[in-house]
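Have the viewer ready and follow along.

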Amino acid sequence: MLWDATLETLFMVSSATVLATIIGLPLGILLATTEENHILEQIVLNKALGAIVNLGRSVPFIILMVAIIPFTRKIVGTSIGTTAAIVPLTVAAIPFVARLVEGALKEVDPGVIEAAESMGASPPEIIYKVLIPEALPALVLAVTLTAVNLIGYSAMAGAIGGGGLGDLAIRFGYQRFRGDVMIQTVVILIILVQGIQMVGDKIAHKLYHKN
Amino acid sequence: MIIFKNVDRTFAGKDTVHALKNINLNIPEGKIFGIIGQSGAGKSTLVRCINMLEKPDRGDIIVDGVLMNNLDAKELRIERKKIGMIFQHFNLLNSRTVFGNIAFPLELAGASKDEIKEKVQNLVSLVGLTDKLNAYPEQLSGGQKQRVGIARALATEPKLLLCDEATSALDPETTTSVLKLLQEINEKLQLTIVIITHEMSVIQEICDKVAVLENGFLQEVGPVIDVFTNPQSVATQRMLQGFLATNYKAQPSEISNTLLRLTFVDKKTHDPIISQMVRAYELDVNILFGRVDQMKETPFGMLLIELSGNHEKKENAITYLRNNGVKVEVLN
Ligand SMILES: Nc1ncnc2c1ncn2[C@@H]1O[C@H](COP(=O)(O)OP(=O)(O)OP(=O)(O)O)[C@@H](O)[C@H]1O
Ligand SMILES: [Mg+2]
């Protein structure tokens, strides 16, 4: 029971992290590079994207989950269960990833970007050969932070029928007064968070070549 | 090689800064050309206009026959690949090794893996970093980083190298070694080099010609030896005062004595002109101050002397010195 719930949580979190990264990364790149004086300066687009991302981030997860039920149903065919929970988790994480990516890319030394420009690099070349490699440690930490946050969100999703550890804790631990199950789920959640953070830190550290 | 025609550049903002004011400049091919000026004079803006990192508001910039300011983005990228640039803070990619950094412009140029390997090998040996090929920038000293910067700038075999304060972050000894490397490259590869600096000594050590910039105005342009020994503009004179100690204040020991500042250039520094003069005109000479120096390869000397003796003999002595190609200024 506990094992199944853990697997469900891992499935939800990893799927949502991967999907949110796939969509959030390009969005973050756009946010960073369309800024004033950056390589793809597009101020109107930048402001519009920023507004949408802020809107996404300001909706509480519980409300977002309920609000997009029709959308979830359209994609997954149902709004209940572990797979269905991936949709709101992903949608909630996209703006979060986008902002973190934007922040990471803005930390890249403008001098290095300028050096690449002086060598005749095109904007896509600057993105793939300069911005992403230079920001890679920060990007890994951004994905790590996203995964950790999603563990928390997934427990919430579980509470309304999404499966996973949150679901288990509510149904057994809380509604059936099984204190032991409650404690076990919390311990597993802590281990998951610690584990993900540790792996993320390790990878980022390995990639870090800046003094 | 590079022509500036009526170039203006202003930065709009709370206080509009007119960084370049009607610049007309011709930078010859194959030489080391220095641009000197105080902080905020517009030097960086000027050099960044050459590869359009900064676009002029008005005027034309022509590099090797190509009008730079009218190129579209794609054409500009092609031209930029023919111009190398090095920076005060090196601007290396921290995520790449020395090899990777030097390979970067070659990747952009679409070189094959083998080609990149061979070229990088040649370049690291040119800049003397063969043993650091796999080091990351964080593991290098400032001087070594700038050598990587130079190798990277030379990778695509540009005809022009732009250096914006390339030695300003380095200690004097490292500065000398980097300047020597630049001079070697200039001679070996027949490469035109433009050097921006606020240090007179950089101009003195390796430049052939120099332009003086102040407040966005080009003050004067000429061979280094001419500008240093015979500065025309007030700005240049002021900059040189401290450097050549031309403002050295001396008083003649007797009021009747004549105080002279003599400037010798090139061969003249080898000739025993003073002792010949003393013998020929039976004068007494007292040396108050002197220095002998070098402008790139040209020796250069300055003496502050006082002459005592009869008036006519002194006049004749001064004429003698002038006829021998010594610049003479009578200071009292
Ligand atoms: N991007 C910019 N925006 C606004 N003002 C600028 C900008 N770049 C340069 N300036 C201004 O233009 C003037 C010339 O700057 P520039 O960087 O060319 O000087 P510099 O001679 O290179 O000085 P330094 O020796 O300090 O590098 C300065 O007054 C500077 O404040
Ligand atoms: Mg500058």
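Phe172(A) has a relative accessibility of 13%, and because the cut-off for buried is under 20%, this residue counts as buried. Please keep in mind that the model is predicted. You will find Phe172(A) in helix α8 of chain A, which covers residues 164–174. Setting aside neighbours within four places in sequence, the contacts of Phe172(A) are Met1(A), Phe177(A), Arg178(A) and Val181(A). Met182(A) sits ten residues away from Phe172(A) in sequence, with 7.4 Å between their C-alpha atoms.

Lys327(B) is 97 residues from Asn230(B) along the chain, yet their C-alpha atoms are separated by 9.1 Å.

Now back to chain A for a helix. Which residues of α2(A) are buried? They are Asn46(A), Leu49(A), Gly50(A) and Val53(A). Viewed down the axis of α2(A), these buried residues fall within an arc of 105°, so they line one face of the helix. Their packing partners are α1 (2–33) and α5 (82–106) of chain A. The other side of α2(A) carries the exposed residues Val44(A), Lys47(A), Ile52(A), Leu55(A) and Ser58(A).

Finally, let us step back to chain B as a whole. Its secondary structure consists of eleven helices and 14 strands. Here are some overall values for the chain.

| Property of chain B | Value |
|---|---|
| Box filled by the C-alpha atoms, along the principal axes | roughly 80 × 45 × 35 Å |
| Buried share of the 332 residues | 51% |
| Accessible surface | about 15200 Å² |
| Carbon and sulfur share of that surface | 46% |

Looking at contacts in chain B with a separation of 6 or more, 69% of them join residues 24 or more positions apart.

Terms used
Residues are numbered from 1 along each chain as its sequence is written. Chains are lettered from A and ligands numbered from 1 in the order in which they are written. This is a predicted model: local features need pLDDT of at least 70, side-chain atom pairs count only at pLDDT 80 or more; totals for chains, interfaces and linings use all residues. Side-chain values use heavy atoms; hydrogens and water are left out. Helices (H or I, at least four residues) and strands (E, at least two) are DSSP runs, numbered from the N terminus. Buried means under 20% relative accessible area, exposed over 50%, partly exposed in between (1.4 Å probe, protein chains only). Contact means heavy atoms within 4.5 Å. Accessible areas come from the Shrake-Rupley method with a 1.4 Å probe; for residues, only the protein chains shown count as cover. The arc is that of the directions from the helix axis to the C-beta atoms.
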